[in-house]
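Subject: Structure handover

Dear colleague,

Please find the structure below, followed by notes on what was found in it.

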Amino acid sequence: MHDLLAITLKRLEGVSDDDRDVLAALIGETRAVSAGRVLVEEGSCPQVSMLLLGGLVGRVSILNEGGRQISELNVPGDFVDLHSLLLKKMDHSLVALTDAVIATISHVSLKLLCEARPRLMRALWGETVVDGAINREWLLALGRMSATERLAHLFCELYVRLEAVGLAADYRFDLRLTQSDAADMVGITPVHVNRSLKTLREQSLLEWRGGSAIIHDWSKLARLAQFDPTYLQPRLISSDQNPS
């Protein structure tokens, strides 16, 4: 987790080592949370923001009839909810989709830090800009891609993001989500997820079984998904870590 924190701080562009040290000193004690735990309720007014150090957290909206839409997936190394610093009330919930480890930073400390260190404020703002870019990519996929293309795009994105923090390599990574979770991300049913995964498997592009994902043909999968990782900057540590 210390290494992951170092990677997270390293990717903050335009800040000094002193800025990074000050931010690191504000990060509170870590705590483990179980899968399914609601970390932040929709409509609440959080007093802290969170840094995810392990596991996966989803931004979740619940419909009146009980349906669920996951509008973004946070991976280790992400500042999960910096935007809550400015929101009066949360317009979505944050849910641990797997067992997770989080650390918190108080909003009071963040506000004082941003006022005193404008370079760090711009870097943290950059993190929220990337969040918006991810959300736009997911929206495009929901509106214009087939179910199989959406899943292909999701797996391409997750591989690149996890590789950047040292949690994926050789086109393999752990993904301990359920097919229901994936369905709520790409806007289809779990049965349709299963069918789309079968299509990708039969085309020798991707396998996802037992919590492990294997990309067999990156070039073809990325082409099918129309995937371009540019929108993930500055989440990528360096361009030479992008799969090709």
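Four strands form an open sheet in the order 2-6-4-5, with antiparallel pairing. Strands (E, at least two residues) and helices (H or I, at least four) are DSSP runs numbered from the N terminus, and two strands pair if DSSP finds at least two bridges between them. Strand 2 (38–40) and strand 5 (68–74) are the edge strands, each pairing on one side only. On average, neighbouring strands of this sheet are turned by 35 degrees against each other, direction ignored. Axes here are lines fitted to C-alpha atoms, for helices over the stretch in contact, and angles run from 0 to 180 degrees between N-to-C directions.

This is a predicted model, in which local features need pLDDT of at least 70 and side-chain atom pairs count only at pLDDT 80 or more, while totals for chains, interfaces and linings use all residues. Residues are numbered from 1 along each chain as its sequence is written, and side-chain values use heavy atoms, with hydrogens and water left out.

Within the sheet, strand 4 (residues 57–62) and strand 5 run antiparallel and are joined by six bridges. V60 of the pairing stands opposite I70 in strand 5. Helix 4 (residues 118–144) lies across strand 4 and strand 5, at about 135 degrees to strand 5. Contact means heavy atoms within 4.5 Å.

Helix 3

The buried residues of helix 3 (residues 107–116) are H107, L110, L113 and C114. They lie on the same side of helix 3, because they cover an arc of only 125 degrees around the axis; the arc is that of the directions from the helix axis to the C-beta atoms. An α-helix has 3.6 residues a turn, so residues three or four places apart point the same way. V108, L112, E115 and A116, on the other side of helix 3, are exposed. Buried means under 20% relative accessible area, exposed over 50%, and partly exposed in between (1.4 Å probe, protein chains only).

The cover over the buried residues of helix 3 includes helix 2 (17–26), strand 3 (48–54), strand 7 (100–106) and helix 4. Strand 3 is itself mostly covered, with six of its seven residues buried. Strand 3 pairs with strand 7 in the antiparallel sense over six bridges, and I105 in strand 7 is the bridge partner of S49.

The hairpin of strands 10 and 11

Strand 10 (residues 206–209) and strand 11 (residues 212–215) pair in the antiparallel sense over four bridges. R209 stands opposite S212 in strand 11. Two residues lie between the strands of this hairpin, and G210 takes a positive phi near 60 degrees. E207 and R209 form a salt bridge, with the closest N and O atoms 3.8 Å apart. A salt bridge is a side-chain nitrogen of Lys or Arg within 4 Å of a carboxyl oxygen of Asp or Glu. E207 counts as partly exposed at 26% relative accessibility, and R209 is exposed at 51%.

Nonpolar cores

The largest nonpolar core has 47 residues, and those with the most contacts inside it are L151, F155, F173, M185 and F227. Helix 5 (147–164) is among the elements that give two or more residues to this core, and helix 5 gives the most, with 11 residues. A nonpolar core is a set of buried Ala, Val, Leu, Ile, Met, Phe, Trp, Tyr and Cys residues joined through side-chain atoms within 4.5 Å. F227 touches H153, C156, E157, V160, W218, A222 and L232, not counting residues up to four places away in sequence. A second, separate core of 22 residues includes L9, V15, L53 and L124.

Salt bridges

How many salt bridges does a search of the whole structure find? The search finds 13. One of them joins R68 to D181, with the closest N and O atoms 2.8 Å apart. R68 counts as partly exposed at 26% relative accessibility, whereas D181 is buried at 8%.

D78 and R161 also meet in a salt bridge (2.7 Å, N to O). D78 is in the loop between strand 5 and strand 6 (93–96) and R161 is in helix 5, 83 residues apart. Both D78 and R161 are buried. R11, D78, E127, E157 and R161 are linked in a network of salt bridges.

Regards
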